[in-house]
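Reader: Hi, I have a structure open and I'm new to this. Can you walk me through it?
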Amino acid sequence: MAAAESEMVMSDAGPGLGWRIRETAWRFAFGVAVFVIVSPAITVMLWMLSLSFKNDVDNMAFPPVFVPSPPTLANFEAVFENNNLGQNLINSIIVTGLATLVALVVGVPAGYGIAKAQAHKIAIGILIARITPALSYLIPLYMLFQLIGLTGTVWPIVITHLVITLPIVIYIMIGFFETLPPDLEEAALIDGCTLWQAFRHVAMPLARPGIVVGTVLSIIFSWNNFIFGAVLGGRTTRTLPVAVYNMLTFEQVAWGPLAAAALLVTAPVLILTLFIQKEIVGGLTAGGVKGG
Amino acid sequence: MSSDAAALRDTSYGRRYLPFAYPALGLTAAVIVFPWMFTLFMSVHEWKIGSAREFVGFANFAKLATDPRFIESIGHTLYFTALAVALPVVFGTAAALIFNERFPLRGLLRAVFILPMMATPVAVALVWTMMFHPQLGVLNYLLTAVGLPPALWVYAPSTVIPSLVLVEVWHWTPLVMLIVLGGLTAAPTEPYESARIDGANAWQMFRLITLPLIMPFIVLATVIRTIDALKAFDTIYVITGGGPGTASETINIYLYLQAFSFYNIGYASAVVVVFFVLIIALALVLLWLRQKAKWS
């Protein structure tokens, strides 16, 4: 903020004609810059929308048809007819829901404990979990699940998703609890509360915004995960991203249904992002986290 | 005077809170530490799913050193990583400078800008696959529309990695933007005021004040990008699966194929160990550079 305002102030002494021209030119250039950086994101998303609402003929046309006319829902109907998306949706909800729930139950107290004890070594340990490639967990856990006969159920996928959700929740909660003023909890402790009561009834309610951010990010990155479900999911336990990937291998030419499926998987996440973008931006800026 | 005693009291005061972290530590140990140990164990065995396990010592590692496909995959990984770190860091920093200004609709546009990193990678990869199509893809239409020759994108060995980098840049530039924006938001305003009084121009202020202030964040973003680019999997796997041939086979893709297509669990575990060492080494080098930059 400071850089631009100061530039305008410095560029001329008074609000003369030259100043106004420069001001306009600056605004125009800035507008162009905003347009240039935002357009790739919006273009690809719009192209996905366009593909999923066009009929097959228009999708295969060259030069491409940009606006569906008339828009058709045939692609979505085809996706639901030919696939067991309802089952995949339920699997995704179970996996994401359970993995996020467990991460919150153990991760929020852990974030509190680590922040209070200033246990930086533990925090670094969690960062190492973030560094490790997902495949390096997957091979040993795959062998383990085979050994104890859990393959074919949804549990291996839930357990592996903890690798994504737990570090996100802990990391964001550490950041939140570190900024929380300790006065209120200390007052509670002096009044005879136990440490747990001070956490449960004083610190945790105050950290609700942090819990919201942690929950949302945990949900999004667990929902998006592909590789754990791809390796550990069977025919009946596939999550949505895996089901959509399988459509690619079987319907290589049918672009409309493919785009429709892609849109169905990612739409909830995109809508969630737009709705609470301020909180998400805050959480991500603080942590620099990302799942997977 | 008795600062040592105070520090001691503080530590024990803090220690009381550690039990809060025990359940999480237990879970982490189960899903993270156990796999590491087991990977080390597997990496010294000849072990194919369905057949017997045999201890072979470091034979897997010796074999890796002469495995041309593995060595080639290291080259692909480093090529991909170099581009997929440098470009997002440059673009993301520029975007952060823009989003740090005040302008109408900033919140909404910033949300739109971060959509790619929140979108499901498989979905994103599917859309890019269709855009890359040499005959029917929209990218070649755009190229020919502005008078450029069409490209083969992910269908030719020479262009496949740059094309995948394009997807990666689109996907992850927002993360760099957010990290650098965090630095810009936290930057103090006083230096700008005094520089203005001293008559500095906009470029001087950026070069001498803004850049040093956000440098730690740019380095942090570089470290995170490096780790993520080395590990990149979803989009590469969905778009090319390592092809054409093995032209885009990164270490991670090779690892996946060894483990879950060829079921060479022991050999794949050896790849994991080497891969992990490579990631840690690069991350440490970058962190060391960060320390050096701080002190100078």
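Author: Start with pLDDT, which is the predictor's confidence in each residue, from 0 to 100. This is a predicted model, where local features need pLDDT of at least 70, side-chain atom pairs count only at pLDDT 80 or more, and totals for chains, interfaces and linings use all residues. Residues are numbered from 1 along each chain as its sequence is written, while chains are lettered from A and ligands numbered from 1 in the order in which they are written.

Reader: OK. What pLDDT does chain B average?
Author: Chain B averages 87. In that chain, 95% of the residues score at least 70.

Reader: And what does chain A average?
Author: Chain A averages 85, and 90% of the residues score at least 70. The model as a whole scores ipTM 0.86 and pTM 0.88.

Reader: Which element of chain B has the lowest mean pLDDT?
Author: Helix H1 of chain B, residues 3-15, with a mean of 58. The highest mean in chain B is 95, for helix H4, residues 68-99. A helix here is a DSSP run of H or I with at least four residues, a strand is a run of E with at least two, and both are numbered from the N terminus.

Reader: Which one is lowest in chain A?
Author: Helix H1 of chain A, residues 2-11, with a mean of 46. Helix H5 of chain A, residues 85-117, has the highest, 93.

Reader: Where does pLDDT stay under 50?
Author: In chain B, over residues 1-5. In chain A, over residues 1-12. The model has 0 contacts beyond four places in sequence for the chain B stretch. For the chain A stretch it has 23. Two residues are in contact if their C-beta atoms, placed from the backbone, lie within 7 Å. Where pLDDT is low, the predicted coordinates should not be read in detail.

Reader: New topic. How many residues does each chain bring to the contact between A and B?
Author: Chain A brings 81 residues and chain B brings 82. Helix H2 of chain A, residues 17-53, gives the most to the chain A side, with 13 residues.

Reader: How does the chain A side divide into nonpolar, polar and charged?
Author: Into 65 nonpolar, 12 polar and 4 charged residues. Nonpolar covers Ala, Val, Leu, Ile, Met, Phe, Trp, Tyr, Cys and Pro; charged covers Asp, Glu, Lys and Arg; the others, Gly among them, are polar.

Reader: How many helices and strands does chain B have?
Author: Chain B has 13 helices and 2 strands. Its radius of gyration is 24 Å, well over the 19 Å that the globule rule gives for 296 residues, so chain B is more spread out than a compact globule. The radius is taken over C-alpha atoms, and the rule is 2.2 Å times the number of residues to the power 0.38. The C-alpha trace of chain B spans about 75 × 75 × 35 Å along its principal axes.

Reader: What share of chain B counts as buried?
Author: 45% of its 296 residues. Buried means 20 or more other C-beta atoms within 10 Å of a residue's own, exposed means 12 or fewer, and partly exposed is in between, with C-beta atoms placed from the backbone.

Reader: Pick a residue. Is B:Val271 buried or exposed?
Author: B:Val271 counts as buried, with 27 C-beta neighbours inside 10 Å. B:Val271 is found in helix H13 of chain B, residues 265-295.

Reader: Which residues is B:Val271 in contact with?
Author: Leaving aside neighbours within four places in sequence, B:Val271 is in contact with B:Leu64, B:Phe70, B:Ile251, B:Tyr254, B:Leu255 and B:Gln258. The C-alpha atoms of B:Val271 and B:Asn252 are separated by 8.9 Å, and these two residues are 19 apart along the chain.
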